[in-house]
Amino acid sequence: MSSLEKRLAAEKRFKFYGMFAMTLSLFFVLILMYKIFSTGSGAFVRTTINADVYFDPNFIEVSSNSSKKEIMKASYVDLADQVINQNHPGLDEENFIKVREMYTRKFDYQLRDYIANNPNVIGKTVNLDISASSDLDQIVKGNYPRNVPEAQRKINDYQLSILDSLDSKGKMSKTFNFWFFTNGDSRDPETAGILGALMGSFYALLICFSFAFPIGLLASVYLEEFVKPGKITDIIEVNINNLAAVPSIVYGLLGLGMLIGVFGMPYQVPLVGGLVLGFMTLPTIIIASRASLRGVPPSIREGALAVGATKMQTVFHHVIPLSLPGTLTGTIIGMAQALGETAPLLLVGMVAFVMEIPGGAFDPATGLPSQIYLWSESAERGFLEKTSAGIMLLLSFLIIMNTVAVLVRRKLEVKW
Amino acid sequence: MKKSMLTFLALAVSVLFSAETFARDQINIVGSSTVYPYGTVNAQRLGESGFKTPTYNPIGTGGGMKAFCAGVGVEFPDITGASRPMKAKEAKLCLEAGVTNVIEVMWANDGITFSHSNEAEPFSLTREEIFTAMAAKVVVDGEVVENPYQTWNEINPSLPAYKIEVLVAPPTSGTRDAFDGKVMEAGCTLEAVTGSDDGCTDYREDGKIIEMGENDTLIVQKLVEDPERFGYFGYSYLKDNGDKLQPSTVEGVVPSAESIATYEYPMARPLFIYLKADHIGVVPGIQEFAQMMVSDEAIGDNGYLTKIGAAPMVPDLINRVRNVTDSLDAMGFDIAACAEKKHPLKDAGYAFSSGLCK
């Protein structure tokens, strides 16, 4: 073989290896995505049972004239039981409990919310889609097999027969599960939502940004523009690079020891979680910011200095604005990393059952990744799809943040 | 650009600090991941009754005790869940930190199930057989040797020839402590030869015993992947995964709500929550939480905790614990005494008595 043929063959082989590597990694990503999407998509729909609801004034403590506050405070448990009796006439006590279990436990809340929105409905009959319980939902979706022995099922044979008769009458349907986006965590899988964790992550990231961005920017400006390079800056540089590579759990320990232990900050709040994530993001921001400050040509600085600007004016009027796209890109990528971090949250207690949606950085909260972890630990079958749906949401936020980072760089970047 | 940045920062700071500060009106629970499903369901019910819904941080029984015993004050947890009784060592920890008023609430029973995939053949085991499969050192022909067994039928010819492989909980887990006490120590054959119970709870280290995290769902997945594998966890996980797993009968008894409640099933154990009495009245709802947890609605025949796997206690104990939660009288449970290994029920003759304040 001639030398040319050999070299061309080598090139061909190399191309093939490259293709193979790429296809393999794509294949794994696809498997992962398929697994997540196929289990997670179920969380976005929920099974409902169609029923005629007579808002019997005898079972409602409030009237059409009551204020919204009174309506929200009243109990609708009796009304819910009454609705089941009407739609399934002739049940004895034992069977009534079985049928009641097919509907969501929060049935009375659903009725309450409906009355609150339509106070005039009292005394009238309305056709409503009522949410099924999670156990029934999982059977209908096929996530829990119905052909196993009765003792191994949470929905027994009697309930299955009711389900089949409802189904044959066309009463079973599916609706979009908006609760997943508007509710906090719950131990009833059908009403569990991600909003609490989302707000927890939002507050934590807000703290993280407010802490890490100004400090990171100032530190890098000082290091790049004001200090003469020397031994000390070298030591600092090595340390910053080092810190960027420290595993996140170490920052969690720092937060636990320093912020909670020494400063007595509260446990499981976004304030502490955000500060810890801020420590973690700080080196990333400093490195990105220094790199982009270095990218601003010296002629800009010299021009400003030549017309009589002070060093500070030069930096703040010219250098920082020009370097901002790079800094922001680094910051967004750092924040995206922080959003997906679980280990530091674990150590500062942001892994907990929290039902109430946090209203600020001082309220107990979980973060998105820790909520996913908690759901993955739960025994109920209904949480399996919630886990995957949570991952889908987290992935889409990461994709959005990283896309914004790319767009910011494209849009604002100045070519010299 | 600079100005908008500043306004954003100011806005961010004001949003964050407008929220309430450090005082707490929401109960903070830590502790066992076995108690987590029950504690959180109960927390949700408390939330529905008008209180703020408590938070529950599942850091394990041991971790929970450590956090709970760290001190008195709003920055420390109010309640800890435990899947085994408080140890004397932990009571000392509480004493040293000034946590002297603790109320013990024993509220239900749970059974540790030794389970595997229901695609495999069912197992009927004794505790001695489980010990022999899992311990580092066992007795063969009257001598203590490194565990030589590779398959179950080598231990007992009537068992299937499955390889020995068991997934176990981490050392911080109360389930592991309980399993070690109920099975490894109870089935231990070393004592007869060596005269001491040293080494009874040492698992073998040749790769047949695999330590998992606190995540029981992961254990369930791993058991389904390989039908010859075994794992142990609380009864509620078995109940929710009845389509995938089967429990082994132990000493001829199948784990069920009844056999656990009567302690006929040898791996039954009591579950606890511990209340910090000094917090009652400071953080609202602590007493109500405990009362709800032991109410008939929760642990009665069709109770909301019974339905997800908690087994009720005998009537004597139920009445006793209701008395405790209603009067907030610890009925003889005292941290200082517990640190000395004393407990009012220690000589009461219950199956779990010897494990109290150990």
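This is a predicted model: local features need pLDDT of at least 70, side-chain atom pairs count only at pLDDT 80 or more; totals for chains, interfaces and linings use all residues.
Modeller: Strands (E, at least two residues) and helices (H or I, at least four) are DSSP runs, numbered from the N terminus. Residues are numbered from 1 along each chain as its sequence is written, and chains are lettered from A and ligands numbered from 1 in the order in which they are written.

Colleague: Now helices. Are helix 16 and helix 17 of chain A roughly parallel or roughly antiparallel to each other?

Modeller: Helix 16 (residues 368–377) and helix 17 (residues 382–412) of chain A have axes 8 Å apart and pack at about 160°. Axes are lines fitted to C-alpha atoms, for helices over the stretch in contact, and angles run from 0 to 180 degrees between N-to-C directions. Under 35 degrees counts as roughly parallel, over 145 as roughly antiparallel, 65 to 115 as roughly perpendicular and the rest as oblique. Helix 16 and helix 17 of chain A are therefore roughly antiparallel.

Colleague: How many charged residues are in the contact of helix 16 with helix 17 of chain A?

Modeller: Contact means C-beta atoms, placed from the backbone, within 7 Å. Residues of helix 16 of chain A, including Trp375(A), meet residues of helix 17 of chain A, including Lys386(A). Ala, Val, Leu, Ile, Met, Phe, Trp, Tyr, Cys and Pro count as nonpolar, Asp, Glu, Lys and Arg as charged, and the others, Gly among them, as polar. The contact of helix 16 with helix 17 of chain A has 7 nonpolar and 4 polar residues, and the charged count is 1.

Colleague: Does helix 11 of chain A pass helix 12 of chain A in a left-handed or a right-handed crossing?

Modeller: Helix 11 (residues 248–262) of chain A packs against helix 12 of chain A at about 130°, with axes 9 Å apart. The two are therefore oblique to each other. A crossing is left-handed if the near helix is turned anticlockwise from the far one by less than a right angle, and right-handed if clockwise. For helix 11 and helix 12 of chain A, the crossing is right-handed.

Colleague: Which helix of chain B gives the largest share of the side that touches chain A?

Modeller: In all, 33 residues of chain B are in contact with 36 of chain A. Several elements of chain B supply at least two residues each, among them helix 1 and helix 9 (216–225). The largest share, 6 residues, comes from helix 2 of chain B.

Colleague: Where is confidence lowest in chain B?

Modeller: Chain B has a mean pLDDT of 88, with 94% of its residues at 70 or more. Confidence is highest in strand 3 (residues 79–82) of chain B, at 95, while the lowest mean, 56, belongs to helix 1 (residues 2–18) of chain B.

Key
Two residues are in contact if their C-beta atoms, placed from the backbone, lie within 7 Å. pLDDT is the predictor's confidence in each residue, from 0 to 100.
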